[in-house]
Amino acid sequence: MPQRYVYDFDEPSTGGRELLGGKGIGLAEMTQIGVPVPAGFTITTDACRAYMSNGKTLPDGVEEEIEWHLGALEKKTGKRFGDMNDPLLVSVRSGAAVSMPGMMDSILNLGLNDEAVVGLARATGNERFANDSYRRLIQMYGEVVDGIDGHRFEQALTDLKKSRGALQDVDLSAHDLAGLIDTYRAVFLEETDRDFPQDPREQLTRAVGAVFDSWDSPRAQVYRRTYDIPDELGTAVNVVQMVFGNKGDESGTGVAFTRDPSTGEPGLYGEFLANAQGEDVVSGIRTPEPLANMQQKLPAAFQQLVDTMRRLEENYRDMQDIEFTVEDNELYLLQTRSAKRTAAAAVKAAVDMVEEGLISHEDAVARIDPAQLDQLLHPMIDPTAEWEVATKGLNASPGAACGAIVLDADTAEQRGKAGESVILVSWETTPDDIHGLIKAAGILTAHGGMTSHAAVVARGMGKPCVAGCEGLSIDIDARTITVGDRTLSEGDLLTIDGGTGAVIVGEVPLVAPEVNDDLETILRWGDEHRTLKVRANADTPEDAAKAREFGAQGIGLCRTEHMFMAEERLPVVREMILADSEEGRRDALDKLLPMQQGDFEAIFEAMAGLPVTIRLLDPPLHEFLPPPEQAPDERTRRRIRQLQESNPMLGTRGCRLGLQWPEIYEMQVRAIIRAARAVDERTDEAPLVEIMHPLVGLAEELRRLRELTVRVAEEEAPEVEYLCGTMIELPRACIRADEIAEQADFFSFGTNDLTQTTLGFSRDDAEGKFLTHYLEDGVLDKNPFETLDVDGVGDLMRIAVDRGRSTKPELKLGICGEHGGDPKSVTFCHELGLDYVSCSPYRVPLARLAAAQAALAASGAVAYAAAGG
Ligand code: PEP
Ligand code: MG
């Protein structure tokens, strides 16, 4: 059978979302469950892929299939496409498998021409409506198919309104709009050297091609790169019978969520415009009204909307985001999709849906995207700080941000890339601003509602956004803004709170938020399935306390060098490093010992009997020293120079320090054992001590260091129990893990160094240099310092796990590199059979969730898990 490229909405959907795209599958499913949807058909993503690889021509047979389905549509609607009396009109709408809001194009009102517009006016008895529909077609078609700059049309519309003294589009008469059609046609002719096409079939074919082309528009490409959407997916095209929201006061159009997408609160939430077509809402040309107004204006259609949305939630068992049109009091759904929501809304909706009996605990756990949790753990304005609200807008996306004002997306991108925190301030944003939105810390717009482009995109990215801020005005020529009664220049500092809508002049201190009850509930449900333990990397008692609050089950990495950096300690540390003799070093170490012991006691106490892995000194010693030119005398200068190395990351660091100057590690082991004994005596909870040696590559290194550790511990307090283990962060350590395991009670993968040494990518420099280029050019898909390079580094880890456990089946295994807090890497660690992951305290909730999802996915308890992709 020849390949099929077109499917009717009422046919069983064989290829699913991948073939029909999100919009297509939604329309097909709604049709099939009896939700009111206009009739139509979908041209598949297969056709798009074939079109792309065919030098942008539609594959054989598609035209004929479209013809056939158009015929079926004519039968269903009782109207003919191209008819001059009562024409069938269609929209052509893009829709990829993965939602890319506003990134691709759609065209409405196809099928109108100079004659059909007269027929439509007669058939509907509404000339104004017919003319309005036709002028919209010329504009959209001109922009999308022929690439005419939209400003040309907008300018003509603005000029016309001015000359008529009209405030809104709806104030223009049928006669005005007839004139506008003439103007638009003249623009079209001037820009393309052709008349606006009068043949509806030609309109349709070129519109389908143009929507396929929009898959490759620069903004769509940027969006795909940001969200890891493969280029090969392609978009489907939906050809949908037009229903008209611009037919009069009994008609309208709107967007709605089944729950509040910012907070997750139940109840319909959205916006509505009477007597308008869909793009009026999205483009922000007219300011929409809250849905509550629709209840008064169109009560019957509103009730239909309420019933339909309840049905959609029951069918999809998830929060939906819909587009609808009311034509003469009849409701039609044009789209439904799983709603983009903030992390707070995702968590609340999931907990509520469990209570409502819509989903199970496991579904709720599987449904939250761990990467999105970062949002919930975003900074908020310090409640104890004093500040004044300069003006307020809509609380479009939660979290607070503070940064320099920038007034366009290019500047936001440039300055954001350079590491500056910037707030993008704009009348409104469009999909073309996506590159600036990505790099901004927060977004503030004067126009647009909660469903405006800026609001939707910011929520998806977890960025603070205040939208529709009426007290904001922008003078783009002067590069200044006015908020309330204050005028500020580009570059001045501004703080926004996307949770409350507050806009504040200057910088306000921010604080990290707490885990809320709903999140705690979901994490607890997840913990019931999780097998991987989650610990935190923490160097201070404050970090340790935070980590426990977030549910950490221990400390997987306490980096002792951070304790050496404190202002009052650094001179002693320098004295130790610069000493000429062992005796000199020991004198300085004697001074450091009580300080370290105090640090460890505080951390043990904060962790109250949970395991604490303390890593002995790791970095190259010159990191503690000033540059030689700042040395106080010649002797010091010489010693600093002696210690300098051209490749310090591969130099005298890690366990090499402990072997070369054993007194350093002796002091640290002594401090640990003394602290453990003191805390054990003082409190009910004996610390679970794990002493860890860094950068081991040879079994002999660890054999000697274990001997040192055991000797000192015996000298200090033979009764204190502890484990002695090693980081695995060199390829050789992975390969010889069987020998190393003979000397180790545990392994902890240091995947920062392991990535550096496996790939030969400097962890200090690569990301600012060639790695950026690799990622942009697609040489690599992912930054290996963020997400484990499973094929390379991951394979070495697998070797280490197998060989280590071949020596000691009970060998304790964990990871403490940054990857321990990356959802995809956590999934891999689960598959590898590690005992725990360890990550920064703020990522502990995320790691708990990712680990629970990995366990659920592996057990087949849920169909998908967000972390596993
Ligand atoms: C590592 O290398 O992964 C690690 C955790 O240690 P550090 O980052 O301190 O080198
Ligand atoms: Mg390391």
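## A hairpin, a ligand and some salt bridges

Strands S21 and S22 form a hairpin with two residues between them, and glycine 484 in the turn has a positive phi of about 60°. Strands here are DSSP runs (E, at least two residues), as are helices (H or I, at least four), numbered from the N terminus. S21 (residues 480-483) and S22 (residues 486-489) pair in the antiparallel sense over four bridges; pairing requires at least two bridges found by DSSP. Valine 483 has arginine 486 of S22 as its bridge partner.

Please keep in mind that this is a predicted model: local features need pLDDT of at least 70 and side-chain atom pairs count only at pLDDT 80 or more, while totals for chains, interfaces and linings use all residues. Residues are numbered from 1 along each chain as its sequence is written, chains are lettered from A and ligands numbered from 1 in the order written, and side-chain values use heavy atoms, without hydrogens or water.

Now to the ligand. Around ligand 1 there are 14 residues, of which Arg559, Arg615, Gly750, Asn752 and Arg763 come nearest; a residue is near if one of its heavy atoms lies within 4 Å. An oxygen atom of ligand 1 lies 2.7 Å from an N or O atom in the side chain of arginine 763. The protein covers 95% of the 290 Å² of accessible area that ligand 1 has on its own (Shrake-Rupley method, 1.4 Å probe). Helix H30 gives the largest share of the shell, three residues.

What about charged pairs? Side chains of opposite charge can pair when their charged atoms come close. A salt bridge is a side-chain nitrogen of Lys or Arg within 4 Å of a carboxyl oxygen of Asp or Glu, and the count comes to 69.

Arginine 848 lies in helix H34 (residues 844-859) and aspartate 527 in helix H19 (residues 517-527), so the pair ties together parts that are 321 residues apart in sequence. Arginine 848 is buried, at 4% relative accessibility, and aspartate 527 is partly exposed, at 26%; buried means under 20% relative accessible area, exposed over 50%, and partly exposed in between (1.4 Å probe, protein chains only). Arginine 711 and glutamate 666 also belong to a salt-bridge network that includes Arg670 and Glu715.

How values were computed
A polar contact is a pair of N or O atoms within 3.5 Å; within protein, one must be able to donate a hydrogen and the other to accept it, and residues adjacent in sequence count only if both atoms are side-chain atoms.
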